[in-house]
Amino acid sequence: MAEPAATAPTEPAPATSGLQIRGLLATYGAVRALDHVDIDVPAGHITAVLGANGAGKTTLLRSINGLVRPKAGTITYGGQQISGLKPENVVRQGIAHVPEGRGVIAELTVEENLRLGALWRGKRSDMNDDLARMYDMFPALADRRKRTASTLSGGERQMLVIGRALMSRPQLLLLDEPSLGLAPRITAQIMSQLGALRDRDRLTVLLVEQNARSALAVADHAVVLNLGRVAVAARASELEGDEQLRHAYLGF
Amino acid sequence: MQFVNLTLTGISNGMIYAAVALALVLIWRATRIINFAQGAMLMFTTFVAKAVIDQTGSYWWGFVAGLACGFAFGAFVELVIVRPVENKPPLNAVIVTLGLLILIQAGAGMLFGVTPESFPPAFGIRGYVLDGQRLLFTSTDLFIVLSILGLALVLLLLFRGTTLGLQMRASAFEPEVARMLGVRVGRMLTLGWGLAAVAGALAGVLIAPQVFLGPYQFDPFLVYGFTAAVIGGLDSPFGSVVGGLILGLTLSYLSGYVDNSLVGLGALAALIVVLMARPEGLFTRTAARKV
């Protein structure tokens, strides 16, 4: 039986597309949050970064989007150096960040949050199409478009921050623990949406998760961070199948 | 008749307090800084307006110059003086704005002299006539009320109805998230300070005919404006207009029915009553703000 090609990626994309991280060092005082980390995020694939609290996952995302200035190392995207760019310019490279669910702007309405995601592109003509697309993808948001984001549930907030990031029509989506505090059913729903975005739009995804089981279910590649270093980098299916690695780093 | 007069005076004074409160609230909302230099800034821009009126002989050139100078002054202060202390301990900003207050007052004294001078009103100062009696409400007072309401309306439309306003609000509420979404937060803050200073400059030009123009003549208005802003909740531009009107009416009735010398105390009393009843001010939803 032939497998559908789109859902079974084989070789990593060539090195000039996607995101490459080399020798990344980020410190908070004397603590090395990231200690010379190398990670490849191939274009059109989902790469999961797993690890416990304090492994350096969030610092990794904040180094990519410019909120944390790395002490050493390079981050290149599509062959271009992006380390050192300000956050407002990183998004202009087609890299959108989904902060953990509390990253909604609670005082603004659902629709205002969504519109903000697309404003830097300056194309008013696309705005309504994109809004319609998001409401189509997340119908729960459509019912609440005029309500402030403070009235949303945890799952709806997560949908809102993902939708808001997609409003910028990114090629690379960075997600920070989308499953945090969500019911398993909602988590599964969000993971399958990510899979659909990869398959349909060839979206590249860097998915930071503590919930390894849900992340591996959708990811193509997996990186395990442990105390700021890369402990394992493998195909997601390999990691999932390797009982020893799973026990050692992922606890299941 | 006295009641009508006191009410009209209260409204026109209240709108001045509202404009100063608006200047403070816009900055507080965006940067969590109380701009203690606001009273001095509006004094300085009113001097500029006076200089332009004297040069050109036209009130309206001076009026426009005062507001334009206010915008430039506010933007300059944010970019050059306040930017280094943003996201630092709050006390740093307090000290910087207090230092700026002293600097501007001393500078204005040296440049323009310390003796208060007259400032022309926008229109006539003869009161309207009602039932054959002359009111203490002039076309200049009407202009005060309408122009400040107009400014509040323009700000409301800007914040609620434009994408620029949406970006400014996002920058005020969640600067880090706004940056990740591509909003140039630094520019939004500069713009916010500029607009706030326009509100202050407007108050200065409008009140100067009553209090005269001098380096220290506008000090009470910072206090009244701050009181109005706190009554309104410090976070709400709408609240600052309502707070200004409440304060203006309270003080006007107090001076008319009780004693003129109680006005300062009355502001304090109004502040205490509101803070006891609603410590977060009248128009703030504290629950919505995270620590």
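Predicted model: local features only at pLDDT ≥ 70, side-chain atom pairs only at ≥ 80, totals over all residues.
Look next at the S10(A) end. Strand S9 (residues 221-226) of chain A pairs with S10(A) in the antiparallel sense, over six bridges. Within this pairing, Leu225(A) has Val230(A) of S10(A) as its bridge partner.

Chain A holds another open sheet, this one of four strands in the order S2-S1-S4-S5. Here the pairing is antiparallel. Strands S2 (31-41) and S5 (80-81) of chain A each have a single partner strand, so one side of each is left without a neighbour in the sheet. Inside the sheet, strand S1 (residues 19-28) and strand S4 (residues 72-77) of chain A run antiparallel and are joined by five bridges. Ile21(A) stands opposite Ile75(A) in S4(A). This sheet also carries a helix. H1 (residues 57-64) of chain A packs on it and touches S1, S2 and S4 of chain A. The direction of H1(A) makes about 65 degrees with that of S2(A).

Now step back to the domains. The domain assignment of chain A gives domain 1 as 18-94 + 172-180 + 207-252, and domain 2 as 96-169. Their centres, taken over C-alpha atoms, are separated by 25 Å. Domain 1 and domain 2 of chain A put 11 residues each into their contact. Which strand gives the most to the domain 1 side of chain A? Strand S7 (residues 172-176) of chain A does, with four residues. By class, that side divides into seven nonpolar, one polar and three charged residues.

Two helices of chain A come next. H3(A) and helix H6 (residues 154-166) of chain A pack at an angle of about 35 degrees. Their axes are 6 Å apart. The crossing is right-handed. From H3(A), the contact uses Val110(A), Asn113(A), Leu114(A), Leu116(A) and Gly117(A). From H6(A) come Leu160(A), Gly163(A), Arg164(A) and Ala165(A). The residues of this contact divide into five nonpolar, three polar and one charged.

The contact between the chains takes 22 residues from chain A and 16 residues from chain B. On the chain A side, helix H2 (87-90) and helix H3 (110-119) each supply at least two residues. The largest share of that side, five residues, comes from H3(A). By class, the chain A side has 10 nonpolar, six polar and six charged residues.

What does H3(A) meet across the contact? Helix H6 (residues 163-173) of chain B has buried residues, including Leu166(B), Met168(B), Arg169(B) and Ala172(B). The buried residues of H6(B) pack against H3 of chain A. They also pack against helices of chain B: H1 (2-31), H5 (139-161), H7 (175-180) and H8 (185-211).

Notes: Residues numbered from 1 in each chain as written. Chains lettered and ligands numbered in written order. Contact = placed C-beta atoms within 7 Å. Nonpolar A, V, L, I, M, F, W, Y, C, P; charged D, E, K, R; others polar. Pairing = 2+ DSSP bridges. Axes fitted to C-alpha atoms, helices over the stretch in contact; angles between N-to-C directions. Left-handed = near helix turned anticlockwise from the far one by under 90°. Buried ≥ 20, exposed ≤ 12 C-beta atoms within 10 Å, placed from the backbone. Domains from an automatic or database assignment.
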